[in-house]
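Here's a quick briefing for anyone meeting this structure for the first time. Have a look at the sequence and the model, then read on.

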Amino acid sequence: MLRLGLLLLIAPLLVLMGVFFWEHSSVRECTLSGGYWDYLEGICRDTPQPFVSWLERHPWLVNGGMLLSVIGMGLCMVGLYVKRR
């Protein structure tokens, strides 16, 4: 139970960070080339675009990942509390 809890605690955070930095590298490449990143379409444009937060674009990924982390923390606490047989 402890191993599953640790997996659920850490894996969603790593996935969220991986997806975020993958998109961030595209945004950085676009802005360094003189363009403007369209967050809704995920492409580089020539005209300024409004900023749309990551939470607004991927609510299920963010909230689901945090929920899995909380469940993982609960499993870790139970796994540390219960005596081994």
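Let's start with Leu61, which sits in helix 3. Keep in mind that this is a predicted model.

- Leu61 is in touch with Leu16, Val19 and Trp54, leaving aside residues up to four places away in sequence.
- Take Leu61 and Leu16: they are 45 residues apart along the chain, yet 7.6 Å separates their C-alpha atoms.

**Two more residues to look up**

- Leu9 belongs to helix 1, and at 27% relative accessibility Leu9 is partly exposed.
- What does Leu9 touch, not counting residues up to four places away in sequence? The list is Ser69, Gly72 and Met73.
- Leu9 and Cys76 lie 67 residues apart in sequence, and the C-alpha to C-alpha distance between them is 8.4 Å.
- Tyr81 is in helix 3. Is Tyr81 buried or exposed? Its relative accessible area is 73%, so Tyr81 is exposed, being over the 50% cut-off.
- Tyr81 and Leu2 are 79 residues apart along the chain, with 9.9 Å between their C-alpha atoms.

**Aromatic rings**

- How many aromatic pairs turn up in a search of the whole structure? The search finds three.
- One of them is Phe20 with Phe21, an edge-to-face pair with 5.1 Å from centre to centre and 75° between the planes.
- Phe20 is partly exposed at 36% relative accessibility, and Phe21 is partly exposed too, with a relative accessible area of 48%.
- Tyr39 and Phe51 also pair up: their ring centres are 5.1 Å apart and their planes are at 80°, so this pair is edge-to-face.
- The Tyr39 and Phe51 pair links distant parts of the chain, twelve residues apart. Tyr39 is in the loop between strand 1 (36-38) and strand 2 (43-45), while Phe51 is in the loop between strand 2 and helix 2 (54-57).
- Why does Tyr39 count as buried? Tyr39 has a relative accessible area of 19%, and the label follows because buried means under 20%.
- Phe51, on the other hand, is exposed, at 61% relative accessibility.

**The nonpolar core**

- Which residues make up the largest nonpolar core? There are five in all: Val27, Cys30, Trp37, Tyr39 and Val52.
- Within that group, Val27 touches Trp37 and Tyr39, again setting aside residues up to four places away in sequence.

**The largest pocket**

- The largest pocket holds about 160 Å³ of space.
- Its lining is made of Met1, Leu2, Arg3, Val78, Gly79, Val82, Lys83 and Arg84.
- Helix 1 (2-32) and helix 3 (59-81) are the elements that give two or more residues to that lining.
- By type, the lining splits into four nonpolar residues, one polar and three charged.

Definitions and conventions: Residues numbered from 1 in each chain as written. Predicted model: local features only at pLDDT ≥ 70, side-chain atom pairs only at ≥ 80, totals over all residues. Heavy atoms only, no water. Phe/Tyr/Trp six-rings, centres within 6.5 Å; stacked < 30°, edge-to-face > 60°. Buried < 20%, exposed > 50% of the residue type's maximum accessible area, 1.4 Å probe, protein only. Helix = DSSP H or I, 4+ residues; strand = E, 2+ residues; numbered from the N terminus. 1 Å grid on protein atoms, 1.4 Å probe; cavity = no way out; pocket = protein on both sides within 12 Å on 5 of 7 lines; lining within 4 Å. Points joined across faces, edges and corners; volume = space filled by probe spheres on them. Nonpolar A, V, L, I, M, F, W, Y, C, P; charged D, E, K, R; others polar. Core = buried A, V, L, I, M, F, W, Y, C linked by side-chain atoms within 4.5 Å. Contact = heavy atoms within 4.5 Å.
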